[in-house]
Amino acid sequence: MERTLKVYVYREGDKPIMHSPYLLGIYASEGWFMRLMEASKQFVTKDPKKAQLCYLPFSSRRLEETLYVPNSHSSRNLIQYLKNYVDMIAGKHRFWNRTGGADHFLVACHDGAPTETRQHMARCLRALCNADVKEGFVLGKDVSLPETYVRNAPKPTRNVGGNRVSKRKTLAFFAGGMHGYVRPILLQHWENKNPAMKIFGRLPKSKGNRNYIQYMKSSKYCICAKGYEVNSPRVVEAIFHECAIHPLPLTNNE
């Protein structure tokens, strides 16, 4: 399939929401996809008649950053912006109308993306970091996009890896805010109970989150305890730093 797949990237749309990838932070997955896809000579075709899929090159992070009204708790204007974009490409090209967008796809990492795209882009294939069915993620059609934290755009894989297993003195590590109901229980049972278990609330701030990363690099297992959201960069970060992901719960014998 990689040899034959061709994607047409719509050229329409103004920056910064369109064609302007966001390459840092926890929403960077969508940005790096956009950057690599738009630059791809293998997959991208300039002839839409040769394409099996059409890519809608917008950034959900830029959409929020540009249009969201602070404390409004409303995404109405964001949804309207996306509707206007769909109406524009549907009026200019015939490709959207032939399938109602079923052969179009988008990649979006912001938490609000499922809600913002489920109305006027409902038939599109959606790669979403927030794969929450309660917010509109469609099993069997939509794709879960791994969320990660990119701290260095010129070198996104900088500091990947960790200590050898023999040098990892910590059995298990967790640190994070007290979101949801699982994390408080985790701290109740394990915080300051065993020197091999480094279980904390939110760590003090450090440049580049160095303390958090060093704990991952020196631990055998990283606990990925659910918070409010179903998505978290913690899983990908654990893989990056070669820290095995441990399912909860741990027992007193482990």
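This is a predicted model: local features need pLDDT of at least 70, side-chain atom pairs count only at pLDDT 80 or more; totals for chains, interfaces and linings use all residues.
1. The lining numbers 18 residues in total. Arg 151, Arg 158, Asn 159, Gly 208 and Ile 213 are those nearest the centre of this pocket. Its volume comes to about 460 Å³.

2. As for the secondary structure around the second largest pocket, helix H7 (210-217) and H8 each contribute at least two lining residues. The largest share is that of H7, with 3 residues.

3. The largest pocket holds about 840 Å³ of space. Its lining is made up of 31 residues. Nearest the centre lie His 179, Arg 183, Arg 202, Pro 233 and Arg 234.

4. By class, the lining of the largest pocket consists of 13 nonpolar, 8 polar and 10 charged residues. Helix H8, which spans residues 234-240, gives the most to this lining, namely 3 residues. H8 also supplies at least two residues to the lining of the second largest pocket.

5. Turning to helix packing, helix H2 (residues 60-67) packs against helix H3 (residues 76-92) at an angle of about 125°, and their axes are 10 Å apart. H2 is therefore oblique to H3, since the roughly perpendicular range is 65 to 115 degrees and roughly antiparallel begins over 145. The crossing of the two helices is right-handed.

6. Which residues make the contact between H2 and H3? On the H2 side they are Leu 63, Glu 64 and Leu 67. H3 brings Asn 77, Leu 78, Tyr 81 and Leu 82 to the contact. By class, the contact of H2 with H3 has 5 nonpolar residues, 1 polar and 1 charged.

7. Two backbone features deserve a check against the model. The peptide bond joining Lys 15 and Pro 16 is cis, with omega at about 10°. Pro 16 sits in the loop that runs between strand S1 (7-9) and helix H1 (28-38).

8. The other feature concerns phi. Asn 192 is not a glycine, yet its phi is positive, at about 60°. Where does Asn 192 lie? Asn 192 is in the loop between helix H6 (182-190) and strand S7 (197-199).

Definitions and conventions:
Residues are numbered from 1 along each chain as its sequence is written. Side-chain values use heavy atoms; hydrogens and water are left out. On a 1 Å grid over the protein atoms alone, a cavity is a set of points where a 1.4 Å probe fits but cannot get out, and a pocket is an open set with protein on both sides within 12 Å along at least five of seven lines; lining residues have an atom within 4 Å of a point. Grid points are joined across faces, edges and corners, and a volume is the space filled by probe spheres set on the points. Helices (H or I, at least four residues) and strands (E, at least two) are DSSP runs, numbered from the N terminus. Ala, Val, Leu, Ile, Met, Phe, Trp, Tyr, Cys and Pro count as nonpolar, Asp, Glu, Lys and Arg as charged, and the others, Gly among them, as polar. Axes are lines fitted to C-alpha atoms, for helices over the stretch in contact, and angles run from 0 to 180 degrees between N-to-C directions. Angles under 35 degrees count as roughly parallel, over 145 as roughly antiparallel, 65 to 115 as roughly perpendicular and the rest as oblique. A crossing is left-handed if the near helix is turned anticlockwise from the far one by less than a right angle, and right-handed if clockwise. Contact means heavy atoms within 4.5 Å.
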